[in-house]
Amino acid sequence: MSGPSLKKVDAHSSIHEAALNEAKELRSLLQRCLEDGEKNKAVQVAEVIIEHWESRTLKHAEAEEEGLYKELAEENPGLETLVTQLTRDHDLMRRIVKKIKMDLEIQKVNKQMITLLDCLVIIDEIHNEDEMNKLLGNNET
């Protein structure tokens, strides 16, 4: 059973927007650290970034998959393909976070990490748009 706010477009959208804005700010902070040659600070920021993606976006994704997606697909079997696509977005984000985490373990914080973070943001933006417009847009309860 998903929480009631996950089915409400405005509340759900606010959750996404807040997490995504924080992710963008952290990404910008990491880029500044790299540009300024602050390697130790960059590592610390990267650790915060990983924690952010894992605790905010990916935990939210897990809640969606375990509750909201299952409920909506049961209510409307025509949504199964969309739910599969949205779950794939989550999987892509998990894989990218795992790659960043592996790089961080060997203190490899560089411009490639910025590219990976940009990928995460783009996937999340598209995912959020699809979720709001295609999944929840006509299913608000």
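## Helix H3 and its two partners

H3 and H5 cross in a left-handed way, meaning the near helix is turned anticlockwise from the far one by less than a right angle (clockwise would be right-handed). This is a predicted model, where local features need pLDDT of at least 70, side-chain atom pairs count only at pLDDT 80 or more, and totals for chains, interfaces and linings use all residues. Residues are numbered from 1 along each chain as its sequence is written, and side-chain values use heavy atoms, with hydrogens and water left out.

Helices here are DSSP runs (H or I, at least four residues), numbered from the N terminus. H2 and H3 also make a left-handed crossing. Here are the two pairs, with axes fitted to C-alpha atoms over the stretch in contact and angles running from 0 to 180 degrees between N-to-C directions:

| Pair | Axis distance | Angle |
|---|---|---|
| H3 (residues 39-75) and H5 (residues 111-136) | within 13 Å | roughly 25° |
| H2 (residues 9-35) and H3 | 9 Å | about 160° |

So H2 is roughly antiparallel to H3 (over 145 degrees), while H3 and H5 are roughly parallel (under 35 degrees).

Where do H3 and H5 meet? On the H3 side, the residues include Ala-46, Trp-53 and Leu-72, and among their H5 counterparts are Met-113, Asp-124 and Leu-136, with contact meaning heavy atoms within 4.5 Å. By class, that contact has 12 nonpolar, two polar and three charged residues (Ala, Val, Leu, Ile, Met, Phe, Trp, Tyr, Cys and Pro are nonpolar; Asp, Glu, Lys and Arg charged; the others, Gly among them, polar).

H3 itself bends by about 45° at Glu-64, taken between axes fitted to the seven residues ending there and the seven starting there.

Technical notes
Helix = DSSP H or I, 4+ residues; strand = E, 2+ residues; numbered from the N terminus. Parallel < 35°, antiparallel > 145°, perpendicular 65-115°, else oblique.
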